[in-house]
Structure formats: C-alpha cells, structure tokens
Amino acid sequence: MATGATKPFGLFRNMTAKIAAIPMILTALVVFAGGTIWTVVHSFTGSKLLPKLNWVGLDQYERLWNSNRWIVSIENLLIFGVFSLIFSLVIGFTLAALLDQKIRFENTFRTIILYPFAMSFIVTGLVWQWLLNPEFGIQSIVRDLGWTGFDFDPLYNQDIVIYGVLIAALWQGTGLIMVLMLAGMRGIDQDIWKASRVDGIPAWKTYLFIIIPMMRPVFITTLVIIASGIVKVFDLVVAQTSGGPGIASEVPAKYVYDSMFLRQNLGQGFAASTMMLLAVVIIIIPWAYLEFGGKKRD
Amino acid sequence: MTDVTHFEGAHGPKPRRVFSRRNIFLYGTLIMVALYYVLPLYVMIVTSLKGMPEIRMGNIFAPPVDITFEPWVKAWSQACTGLNCDGLSRGFWNSVQITVPSVIVSILIASVNGYALANWRFKGADVFFTILIFGAFIPYQIMLYPMVILLREMGIYGTLWGLVMVHSIFGMPILTLLFRNYFTSLPEELFKAARVDGAGFWGIYFQIMLPMSLPIFVVAMILQVTGIWNDFLFGVVYTKPDIYPMTVQLNNIVNSVQGVKEYNVNMAATILTGLVPLVIYFVSGRLFVRGIAAGAVKG
Amino acid sequence: MKSIATLLAATALTATSAQAVDLEVTHWWTSGGEAAAVAEFAKAFTERTDHTWVDGAIAGSGGTARPIMISRITGGDPMGATQFNHGRQAEELVEAGLMLDLTDVAEAEGWTDIVFPSSLLDSCTIDGRIYCVPVNIHSWQWIWLSNDAFAKIDTPVPTNWDEFVAAGPKLREAGIVPLAMGNQAWQTAGAFDVLSIAIAGVDAWRKVVVEKDGAAAAGAEYAKVFKAAADARALRAGSNVQDWNLATNMVITGKAGGQIMGDWAQGEFAVAEKVAGTDYTCLPGLGVNEVISTGGDAFYFPKNGDPAVEAAQKELASVMLSKEVQVAFNLKKGSLPVRGDVDLSTANDCMQKGLAILAKGNILPSGDQSLSPDTQGQIEDLMTEFWANDSITAEDAQERYADIIANAD
C-alpha cells in the first residue's frame, strides 16, 4: 500500500532503505537461494554420509517415488495440513475475538492458551501419548464414568492416528495463532468500532464483514506461519508416535531427517526435500504474483 | 495528538451486568477452552510430584498421595548428563547468554526489514521478500551442512556469535513477514504526514512505527524467545560443550534411550525449562494494548 | 597437578608430544549404568595420563550424534574422540581422510593378538589401517522369559522358541501377553534378525546378510523365518508400548511371557533386583542356535592438526583397550569385553552364558558390519509395516525383503 519514497524522493532516500535491507538481501540470496540450489544439485548425487558430487541421475527420485513410506507421508501431510489449517484459523480467530471483549483476567486466559507453545515437543508428545492411551487415558476415564462403549484410541489405530497427532498439534499451536490475531485486532483503528457501534451493527457482523477484511495482512502472516509449520512438522510425530503404528503417521520432514542422519543417505534426503520445496514453490509463485502484481494500483 | 499516548485495551461493548447472558456465554466458553489447554499441564504437574512407584500404578489423573519435590530438585541440580551431575542448572546461563542477543538481534533486523519492505519499497524488494518467504518452508535439517560451510568461511564456527547469526537467519522469514504485514496495515496517512514533516528513514522508524507496534513486537518476542530457548539442534551443532544450552541437558534427561525412564523428573525438567518463556508471555502481556488510539491518524 | 597441566596446555603454543591436553569426548551414553561405565574411562584416562577428559554427552544415539559429528569435523573444529557403532557407518569419514590412523599404536600394543573375536578389529580396519577402538560387545540374540508368567500357567519355562510358541495360547488365556515388543522400528527389525539367525541357521543368514543373495532371501529357509515372524506377530498382539524398556518391564512384572531383546535388557532386570535363573530366564539364540552376533560400540578419533592432541588421542585409545579398564567398563555397562584374556568371574549367569559362547567361537558379524545403514533403514521400514499390519502376509513381506536384499549396496 505505502509505496513511500519510490516516487517523489528518488534514489537518495532509498539508499538508507537499501543499506538497511542488506542483511535481508544476503540471507535471501546466500542462505535460502544458495542453500536450495545446493540441495537440488546434491539430490542428483549418490551422497551417503558426506555431501559429494558423484552423479547418479534420477535414481534418488525413482527410489523416492517407489517408496511406500514416502507416499504414506505425503497423504498424511495433506490430511494433517488441511485440518490443521482450518482448525488453527477458526479456533485462533474465535479465541482472539472472545479475548477482545474487554474481559477480566485477559492476561491469565491468554497465558493459559498460549503456554503449550512454550513446552518442548519431546514432552508434549509424551503427555499426549498418555492422555490418548486407551488403558489409562481419556478413554478409560470416560468408560469409568459409565459410558462403557466409548472408544478413543487414535494412537493405536492406523486409520486415525494422524488425527491423534492433530489434537496435540492444535493444543500446542493455536495459542500463538490466537495471539497473532489479537495483535492484529489491536492494530485496527478504534474509530472503526465507534462507527459500527453508532450504526448499530452487531459485534459479530462487524468482526465478520469489517474486521476480517481489514486484517488481511495478519491473516497472510498467520497462514504462512501455520503452513510452514505444517510442512516442517517432525518433532511432534517423533515424540508422540515415532511414525507408527507401522508407518501410519509418517510425515515428509521425518523421511528427510531419517534418510539424512539415520540412514546416512544424504542424496535420498535431498531428493525428498527437493520435492517438498518444489511443492512450496508451486504455491508461493502465484501468491507472489497476486500480492505484488496488484500493487500498482496507487 | 492528545490521544496518541492514551492506549486503550480491548473494546466491544462495555460489560454491563455481571450475570448477563452474554457474560455467561463468554466466560463459560473461555473456561471450557482453558480446561482443554490446562489438562495436559495438570497431568505434568501431578506426575512431577509423584514418586516412581506411584507413577507405575498408572492413573495419570490421580493427585499425588505422597507429594515429593525430589523430582524437581533432581531435574534442576542432580540429574546427570554423562559425567556431569548438576542437572539443568548447568546450561541455564548459557541459554540466557544465547537467547538474549539472539532475540534482540533477530527482531531488530527483521523489524527494519519489514519496515523497509512496507514503507520504502525499492526495486527488487519483492523478489528478495518472496525468496525469504520461501525460506520459511525449508526444513532446517537440510540447511545444517551448508550453514557449517558458511560459518567456517566467516570464521565464527563454534562461537556464540555464529549461533546468534544462525538464529537471526532462520527467524528472519517469519519475523520479516510479521512486521511487513503489520506495518502495511497501519494507516498510510501517518507515514505521509511524517514525511511531510521531514522525518527520514530512521526517524519515522523510531518515532512513529516502533511505538505504534507494541503488540506485534510482543508477538515477535514470543516467537523468538520460545524458538531460541527451546532450540536444541542449532545449539548442539553450532557450538561447543562449554556453551551448550539448557535444552541439551533437557534432552539428556528426557531422551536417554536406555535405562528406566523417570517420568516425574522428565515432567519437572520440562516445566522448569518452559518457565522462562512462560514468564515472558505473562509479563509481556501488559504491552498487549491497542497501538493506534483514536484521533492519532488525523493528528 | 591437573590444573597446572591444563594451564600449560592453554598457554603453550608450540606443541611437544608430552603436553597435557583437554580432550573432548562425544558419546551418547547418558543413562545411569552407561554413565557409570563412561566414568571408568574418564577416571582411567585422567589418572594414567596428564590429560583431561572433557565430557560431551548427547542423548539420542546416532540420529542426533551424526549431524553433530559431521558438522564439527567439516566445520574445522573436531572433538577429540567420538563414540560410533563399528562397522560401515564411519567408512566414508575414514575414506575422506578425516579420521586419525591408529595403526602405529595398534601394532605397538599388538591389538591383532589381544582383540577377541578378531572380527571386531576387522570392522575397524580399512585398507589395512586401523581407525577405531572397539570397546565392548553387545549381542542381540536373546529371549528373556518371565519365570512367574510360566509358573502361573503351570508350564515349565520353555527352553527354545518352539516351546515358547506352543505355550502362547495358554499364556493368552491367563491374560498374559505372550510376547512383549516395543513399536519402534529398530526393535522389530532387530527381533526379525534374531529370528532369522535362529531359524534359518547361520549359513542361510550369511548368504542373505553378508553376501546379499536375493535368491536366498526368497528361498525356503527364509520362508520359515517369515512364518515364525508372523507367529511372533500374533503373539505380540496387545503389547501397546513404544520403548523397549517398557516392554522389558512387562516381562519383569509377569504381564508378558517373554521379550526378544539384546543383552542390554539385563540392566533392567538388575535395576528391578531380579536374579537370572530364578526370576527370569535367558536363552541365547532363542535356544535354537546358540550363536551370538558381535555388534558393539567403538571410538573414533577425528584428525586434528595439533600433534599434542594427536598424542593424547592415541593415549586414550590405548587406555580404553587396557585390561583393567576393559573389565571395569564392561561390568558397569553389562556388555562383554573385547579381549579374551581378562577375568570376568564376577559376571552374572546370563553374561557367563554369553562368555561361554564367545569362547566357543560361535559368533557372527552383526548386521551393522555388513549391511549399510541405508539398507538397514529400508528393512526397518518393511518390518514396521509388517509387524503393525496383519494384512501383510508372510509371503508378501518375504518378496519385498528379497527385493531389498537383491538391491543392497
């Protein structure tokens, strides 16, 4: 929106901005672009323990797509991704809107919802392992209350294990989304509220039709944070299920890690990460067009 | 401009009666939600106060019969990491030393990035920004070895500043996005007015943007303090044992592959490690106020 | 004394070989018994030399340790010594010239004569040079049985795998899980390996794992192995645990009949104050083929430009292999020593069984020494699927297994 100095102030003013942006430019080019190219190049090699340039063509990719585990990983990521995205956004926004109602103890409620974010994944996984354990977790408690037919053992059922991971992931991550949304709401001009109140528009309508469109930038930030978290999900799965039962809760980032460091097959890990990065590029490039292509309006 | 300094908190209609239907719904929902979030913490705390025989009996929800603080003492000052038996306390100051500069440096760089991208866009900025966003999606693991080469060439491999740089780099995509999008959502008139008054790049940043963006700085701090305080992989790969962060001990306590798992000590260690971010969340919450007060825009 | 030595090391820039050095040692032995064992190394090193042991313990085994090692070595800031599984895992680092050649120490001390079985030293040897120090022997080929569980069903404790399988239904009726097994990949893959040696016999096993003969893996001997594995899969139903030690705990408490696990399980029985022979029974080679594999841990010494450090590294290597240290270390660790000329009369019942088998020479190289980690990983993937999913038949699994073996590198 603010195109700032580009028009009237010219090169001189822009110099400061450019100098200030040098760390960013270097990071983007050297680390992220450079590191990605390095990864892609090495995905065509037979690197084992150490990165080497012994070319093997497309062998790594052939093996990757013939691997049952990789296919299951992708399916899981899709299921996990879609649900995690929807629930994080809805729950995060709703909680933020609730906290935004001039309530008492806002700080306490906010901290309670946010605290899981501070807990290390290793133990988060362990605690949820316990809570979801059919013998002494939630299932047994509900059964003791008299509902003996109650079945809830996601971690031991191959078909639904990924939802077990989802419950723990939402517990851990929605607090941050809530805080982001809240910060976004607090950045909105007070006058908007005054105006909508004068016009007699109910609060929920104001949120839905005025506030949400105004929070578009915050939503984009949130979306990227959630999506990048989804793509990189790894620790939680390791801690909670180790990918099991069987390979039912494997995810791509775990495939990458295991290939690289457990199996000493760097090339395979790089091929898997190249596929992941390719998928990200396919999503990001159109988004960048939309975001920056429309910029010329003012 | 009188209202600029007058920060307001939340809004919405003022609460009228204590037991209005609205309040019952509101607090009812919040309390239910809070229960879901607190349940695992309850299990952790209860477990950390039990002795091992009690834990083996298997009821994770039961309150401790014999309350013992031994697991806490053990986690903090006795648990062994190989030959060093001084618990989490060993790495605590290292973690502080790593976290403080990393958080400050990464937030400074990223907020300036975001500001330049939002208000001082220059040619090519969009391209760099897009690459940066792409960077947010790269799994850290595949960047481990290229980063080693980079740090080695810069001569800061194995040092504290090398680690600070790594944290700044990997925190940059999300943080820059956070700041850029926040700054773009601020009313443009503010920026234009300051330009007319003759303020420059840094002047506007420090006098206008910074004070108006407290909530987003809090979010950035929450993100970075949590991420860096809980980081294990970078800390252990890019430094040496004498500056290993606390998470190395946490990992050693919680993640020992062999031997009996002391769940109570694990839980105590986790809560202890999580305390620092938790305190930051709570304290920084006071800054969670409405940044733009009514009237500021019109001057 | 020590602090003066450290001070000297820090101040003196010109290196002489007798100089005292702080040697950082990376390892992943962090549990109680393991740490006590490492302490024996540290104590001996500090007492017998002028140098100091700087402990760099990281829990989490190879997956965590490997990126650290590689980063430190390629970053130009290597540790003084690092634990590694012997075998093919460190091959590439040696080939890249990043590891210290220990041949001169080995020759001076006659390692080829004292290390027993000699296969241990073979896996440290690349192109005739020696690059690592084996420190202990761990073997996988054991089944641990709960005497209580079998007393409860009035059946004598089995003496071999077939008797164990036969007792399965009765255990099940009494509400006891016949076979405890954690869900982690290495456990299921390990159990399969144990079954294959016991049931297919050493020759067939050697053809498959050492010679990578796909036809043998698809053959009749291995068909029996997969059938036994399918039996075991049925026996383990109801053992909903992840960690191996929780599975061991099921045996200790009599909730399970038995567990196939390596000799490190003994540590758990010891902690629970159970006595071998009366409370639990151990059958090496599942009571069928009394053969044990000789996997274990070894130490590697990354190359360091400083001759003073190099001298200290060699001194540490020699300390680790010395008689007294071998005994002290292995008694604490619960593993077998790598030299046959030491006295281990204080070892318990099961360890004595292991020593006797070693002395008879009934040994084979562990999978670590002959399959690459990558191939092992593929097998682990297959095994995790197979053990968790009853719909995968023994025949299907065998076919996929043979395919992996045929394509192994």
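Modeller: This is a predicted model. In chain B, confidence is lowest in helix 2 (residues 52-56), at a mean pLDDT of 80, and highest in helix 4 (residues 89-119), at 93.

Biologist: What does chain B average as a whole?
Modeller: Chain B averages a pLDDT of 83, and 88% of its residues score at least 70.

Biologist: Where in chain B does pLDDT stay under 50?
Modeller: One such stretch is residues 1-8 of chain B, for which the model has 16 contacts beyond four places in sequence. Another is residues 291-299 of chain B, with 30 contacts of that kind.

Biologist: And chain C, what are its figures?
Modeller: The average pLDDT of chain C is 85, with 92% of the residues at 70 or above. Over residues 1-17 of chain C, pLDDT stays under 50, and the model has 20 contacts beyond four places in sequence for them.

Biologist: Which scores does the predictor give the complex?
Modeller: The complex receives an ipTM of 0.84 and a pTM of 0.84.

Biologist: Turning to the chain pairs, how many residues of chain C are in contact with chain A?
Modeller: On the chain C side there are 21 residues, in contact with 17 residues of chain A.

Biologist: Which helix of chain C supplies the largest share of that side?
Modeller: Helix 19 of chain C does, with seven residues. Helix 3 (61-74), helix 4 (91-95) and helix 19 (373-388) of chain C each supply at least two. By class, this side of chain C has six nonpolar, ten polar and five charged residues.

Biologist: How is chain C divided into domains?
Modeller: Domain 1 of chain C takes in 2-137 + 295-360, and domain 2 of chain C takes in 142-293 + 371-406. Their C-alpha centres lie 31 Å apart.

Biologist: What joins the two, in terms of contacts?
Modeller: Twelve residues of domain 1 of chain C are in contact with 13 residues of domain 2 of chain C. On the domain 1 side, helix 17 (residues 349-360) of chain C gives the most, with five residues. That side of domain 1 divides into two nonpolar, seven polar and three charged residues.

Biologist: One last topic, chain A: how does the span of helix 11 compare with the expected value?
Modeller: Helix 11 (residues 216-231) of chain A has 16 residues and reaches 22 Å from its first C-alpha to its last, close to the 22 Å expected at 1.5 Å a residue.

Biologist: Which of its residues are buried?
Modeller: The buried residues of helix 11 of chain A include A:Pro217, A:Val218, A:Thr221, A:Ile225, A:Gly229 and A:Val231.

Technical notes: Residues numbered from 1 in each chain as written. Chains lettered and ligands numbered in written order. Predicted model: local features only at pLDDT ≥ 70, side-chain atom pairs only at ≥ 80, totals over all residues. Domains from an automatic or database assignment. Contact = placed C-beta atoms within 7 Å. Helix = DSSP H or I, 4+ residues; strand = E, 2+ residues; numbered from the N terminus. Nonpolar A, V, L, I, M, F, W, Y, C, P; charged D, E, K, R; others polar. Expected span 1.5 Å × (residues − 1). Buried ≥ 20, exposed ≤ 12 C-beta atoms within 10 Å, placed from the backbone. pLDDT = per-residue confidence, 0-100.
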